[in-house]
Amino acid sequence: MAVQLDAVDRRILDALQRDASQSLDEIARRVGASKTPVWNRIRKLREAGVITADTVILDPEALGLEACFFVLIRTSEHEAEWQQKFLKTLRERPEVLEAHRLAGDIDYILKVRVANARAYDEFYQALIKEVRIFNVTALLSMEEIKATTSLPIPGLGED
């Protein structure tokens, strides 16, 4: 169920998504409110589960992780035990940035970040060693056109 946000909450969330390292004074100035009420709102947004973490975003290429693969997985296994093992395996692999269960012909899609094709093959070999998979298709991203961690905030800009 969506949390009810007012205009100040939306501006706070927008400011935090842009730069969570900014000071409380700066956020309060940006949203047009005083420091204590902004701090209280941020605390309530955390308690409500709207804000789940504070983090930094790293440049994968600066870390030598130049290859991004989208991995399409089809499985003939749909038992709970297989699924639990598969999900545990994905959660333990740091190369897997995202994993989604899909509707349609493809069962899962993974976003995998590695150094190169050889590193992807090592990931692939380790994955199929852990769990049985019917079919895997790996798509190499040639260029990242847009990537963001910022969510659209409903109602922002309508104030």
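Axes are lines fitted to C-alpha atoms, for helices over the stretch in contact, and angles run from 0 to 180 degrees between N-to-C directions. Helices (H or I, at least four residues) and strands (E, at least two) are DSSP runs, numbered from the N terminus. The model is predicted: local features need pLDDT of at least 70, side-chain atom pairs count only at pLDDT 80 or more, and totals for chains, interfaces and linings use all residues. Residues are numbered from 1 along each chain as its sequence is written, and side-chain values use heavy atoms, with hydrogens and water left out.

**View 1. Helices α1 and α3 pack against each other.**
The axes of α1 (residues 7–18) and α3 (residues 35–47) are 11 Å apart, at an angle of about 80°. V8, D9, I12, L13 and L16 of α1 meet V38, R41, I42 and L45 of α3; contact means heavy atoms within 4.5 Å. By class, this contact has seven nonpolar, no polar and two charged residues. Ala, Val, Leu, Ile, Met, Phe, Trp, Tyr, Cys and Pro count as nonpolar, Asp, Glu, Lys and Arg as charged, and the others, Gly among them, as polar.

**View 2. The rings of F86 and Y108 form a tilted pair.**
Rings of Phe, Tyr and Trp (its six-membered ring) pair if their centres lie within 6.5 Å; planes under 30 degrees apart count as stacked, over 60 as edge-to-face and the rest as tilted. By this rule there are six aromatic pairs. For F86 and Y108, the centres are 4.7 Å apart and the planes are at 55°, so the pair is tilted. F86 belongs to helix α4 (residues 80–92) and Y108 to strand β3 (residues 108–114), 22 residues apart. F86 is buried at 0% relative accessibility (buried means under 20% relative accessible area, exposed over 50%, partly exposed in between; 1.4 Å probe, protein chains only). Y108, at 6%, is also buried.

**View 3. Ring pairs link F69, Y120, F123 and Y124 into a cluster.**
Y120 and F123 lie three residues apart in helix α5 (residues 117–130), about one turn of the helix. Y120 has 9% relative accessibility and counts as buried; F123, at 1%, is buried too.

**View 4. Four strands form an open antiparallel sheet.**
The strand order is β2-β3-β1-β4; strands pair if DSSP finds at least two bridges between them. The edge strands β2 (96–101) and β4 (135–140) each pair on one side only.
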